[in-house]
Each structure stands twice: as C-alpha cells, then as structure tokens.
Amino acid sequence: MPGNHRTLLFALCLALSACSPLYVVRAGIEEARILSRRRPITSVIEDAATPPEARRKLELVLQARDFAEHALDLSTGESYTTYSWVDSDTLLLVVSGSRRDRFEAHTWWFPIVGRVPYKGYFEFDDAHREAERLEGDGYDAYVRPSAAFSTLGWFNDPLLNTMLRYDDVSLVNTVIHELLHNTVYIPSRISFNESFANFVGERGAIAFFCGRDGEDSVRCGQARDSWADNLLFADFLSGLVGELETLYRRDDLSSAEKIELREPIFDSARARFSDEVAPALRTNAFNGFLRRPLNNATLIGTRLYYDRLPLFEAVYDQLGGDYKAALHAILEAAADRPDEPYAAVEALLTSR
C-alpha cells in the first residue's frame with residue numbers, strides 16, 4: 001500500500017483545549033516510554049547481543065544520517081542517533097475523514113503543525129470509534145496503521161525497531177524523508193510537506209546508493225525503480241482525483257447523486273490499475289492498493305505523499321539533474337511563499 005512505511009507527523013497537545021485531556025495524557029505516556037528506552041545507536045552496534053543484520057542496518061542509518069547532514073545540508077539535530085524498542089509492529093492507528101461528495105478533509109488542529117487531515121490513536125478501540133463517529137456524521141473514514149511518528153525535531157527522535165523491517169532502500173529513503181521534516185515544515189501545508197519529503201527521500205536514496213555503490217549496483221537500481229513507481233502511481237492518482245473532482249463540481253447533481261455516480265469511477269480506477277498500472281510497476285510497493293477500500297478519505301490520505309511529484313522532478317531536470325541544487329531551490333522558494341509553496345515551485349520553472 002502506498003505510504004505504508006511513512007511515519008505520522010505527531011504534535012504533543014500539551015495543555016491545549018484542541019485535544020482531549022485523555023488524548024494528551026496517553027500521547028505523553030507513549031512518547032515518554034519511547035524516549036526512556038533510547039540507547040545510542042553506536043552502543044547498540046557495539047553490543048555483542050545485537051544480531052548481525054540489525055547491526056548492519058543500524059550502521060546504514062548512521063551513514064544515511066551523515067549523508068543528509070553533510071552532503072545535503074539538512075537539519076539533523078540529534079535525530080536517529082539513538083535506538084528505541086517498541087512492543088508492537090503497529091505503534092498507533094491513524095484516522096482520517098472526508099466529505100463523501102467532495103474532496104474536503106475533516107481536519108484536526110494541533111500546535112506547531114496547524115490543521116492536519118489525520119489523528120493518531122494509541123488505543124486502537126478509540127481509533128475505530130472515531131472512524132465510526134465520522135461515518136455516522138456522513139463522512140468517509142480511513143483507518144491505517146503507522147509504525148512510528150515524528151516530532152519534527154522537537155525531540156531527538158530515535159530510530160524504532162519497527163523501521164529495521166524495511167529494506168535498505170526504504171530505510172535510507174525514510175531517514176532522509178524524516179530529516180527533511182526537521183529542516184522545513186510549513187504549518188497546515190501537509191500535502192506539500194509530505195510530497196516534497198517524498199521527493200527528497202526517494203531522490204536522496206538514489207543519490208546515496210548510486211554514489212556509494214555505483215550506477216550499475218543492485219541498490220542503485222532498486223532506488224531508481226522505487227522513484228519511477230512513485231511517479232507512475234502519482235500520475236494514476238492524479239487522473240483518478242481529477243475525474244472525481246469533475247464529478248463533484250457538477251452543480252446539476254445532488255449530493256446523493258454524486259455519491260452514487262462516484263462508484264463507477266472507483267470501479268474503473270480499480271480496473272485501470274490492475275490492467276495498466278500494476279504491470280508497469282517495477283517494485284511491490286503498491287501491491288496493496290486494490291486491497292484497500294476506495295473512498296475520498298483513503299484518496300486524500302494517500303495523495304498527501306504523491307501530490308504534484310512531477311513538479312519537483314521538473315525542477316530537478318531543469319537544474320541538470322543536480323539533486324542538492326533542486327532540493328535547496330525548492331526549500332528557498334517555499335520559505336519565501338509559505339502560504340503558496342506549490343505556486344512558489346512553479347515560479348521556479350517559469351523564471352529560469
């Protein structure tokens with residue numbers, strides 16, 4: 001499933017009325033538990049009890065972190081210098097919701113990050129109750145698992161044991177992705193934050209492995225295949241969303257009619273993915289797409305990571321394939337126009 005290795009951006013809601021007291025207490029307990037279990041990664045690597053494969057991947061994390069800090073000039077802080085164990089593969093469940101007759105996400109407000117179209121729950125029953133509440137209010141709902149969350153550099157995020165399940169390319173991708181969030185995070189612009197981080201993580205993994213292993217190496221090829229699949233899926237998703245938006249904009253239809261007419265669009269999208277997209281994919285990252293229900297909430301939650309990816313790639317191409325130059329050109333453009341970061345990136349293309 002797309003985004004299945006992404007981490008949830010999490011803000012502690014300390015003493016703020018936007019979050020219930022019980023939610024705040026549980027969030028604080030879980031964060032404290034994770035932080036209390038931290039061990040320096042270097043110590044875990046030196047520990048004779050650490051399995052060889054875990055040691056190898058921890059060394060890879062430190063190398064990716066060093067690459068992000070010194071080769072890419074990202075703000076790493078002390079993130080991913082420590083390691084922490086959690087007892088479950090699924091750390092929390094993430095709930096999102098959307099209007100059924102248009103792409104309008106239900107949002108929650110948090111400090112620092114602003115409005116976000118999802119909320120994480122450590123109590124799984126609470127997550128499903130929230131989804132049922134949304135559906136009872138007439139919303140589409142989507143519940144997905146998350147293996148970790150990021151505090152955007154407010155705490156020194158440890159690497160969790162759940163992330164060691166990732167293959168080498170996904171692991172390096174995720175480390176660079178999350179360290180980009182440490183570097184820049186525009187409040188209430190979740191789609192830009194996540195899609196830009198997706199570009200940075202994917203292209204970063206290519207630069208990391210192709211530079212270290214060589215252009216003909218297996219991991220370099222895997223990283224390139226992963227990014228190619230991201231772009232292919234982004235194109236498919238953009239077409240599906242565009243078709244639905246055309247339906248939702250029709251003034252001659254009632255809300256109930258729009259909801260009824262979207263089902264053939266969903267069916268057509270499933271067939272197109274199966275017949276055209278899936279055979280062209282080079283990796284198995286999107287194998288779960290057809291196993292998940294299609295509704296506005298799932299599409300909004302997925303699109304967060306694939307929104308206008310070709311726009312970032314166009315900047316990369318325009319700068320002659322200079323990944324670091326493209327990364328920092330986009331960073332600077334978004335910093336100048338945080339209210340309209342996508343427009344700022346588009347202006348890069350028209351101004352050169």
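Axes, as used below for helix packing, are lines fitted to C-alpha atoms, for helices over the stretch in contact. The structure is a predicted model.

**Overall composition**

The secondary structure of the chain comprises 12 helices and 11 strands. Of its 352 residues, 53% count as buried. Among contacts in the chain with a separation of 6 or more, 75% are accounted for by residues 24 or more positions apart.

| Helix pair | Angle | Distance between axes |
|---|---|---|
| α6 and α12 | about 50° | 9 Å |

The crossing of α6 and α10 is right-handed. On the α6 side, this contact is made by F192, S195, F196, N198, F199 and R203, and on the α10 side by L309, F312, E313 and Y316. By class, the residues of the contact of α6 with α10 are 6 nonpolar, 2 polar and 2 charged.

In the pairing with α12, residues S191, F192 and S195 of α6 meet P341, Y342 and V345 of α12. The contact of α6 with α12 has 4 nonpolar and 2 polar residues, and no charged residues.

**Helix α11**

Helix α11 covers residues 323-336, 14 residues in total. The buried residues of α11 are Y323, A326, L327, A329, I330, L331, A333 and A334. An α-helix has 3.6 residues a turn, so residues three or four places apart point the same way. The buried residues of α11 pack against α5 (168-183), α6, α10 and α12 (341-351).

**Residue L290**

L290 lies in the loop between α8 (255-277) and α9 (296-303). Its relative accessible area is 39%, so L290 is partly exposed. Leaving aside neighbours within four places in sequence, L290 is in contact with R270, F273 and S274. Although L290 and R270 are 20 residues apart along the chain, their C-alpha atoms are separated by 6.6 Å.

Methods: Residues numbered from 1 in each chain as written. Predicted model: local features only at pLDDT ≥ 70, side-chain atom pairs only at ≥ 80, totals over all residues. Heavy atoms only, no water. Left-handed = near helix turned anticlockwise from the far one by under 90°. Helix = DSSP H or I, 4+ residues; strand = E, 2+ residues; numbered from the N terminus. Contact = heavy atoms within 4.5 Å. Nonpolar A, V, L, I, M, F, W, Y, C, P; charged D, E, K, R; others polar. Expected span 1.5 Å × (residues − 1). Buried < 20%, exposed > 50% of the residue type's maximum accessible area, 1.4 Å probe, protein only. Axes fitted to C-alpha atoms, helices over the stretch in contact; angles between N-to-C directions.
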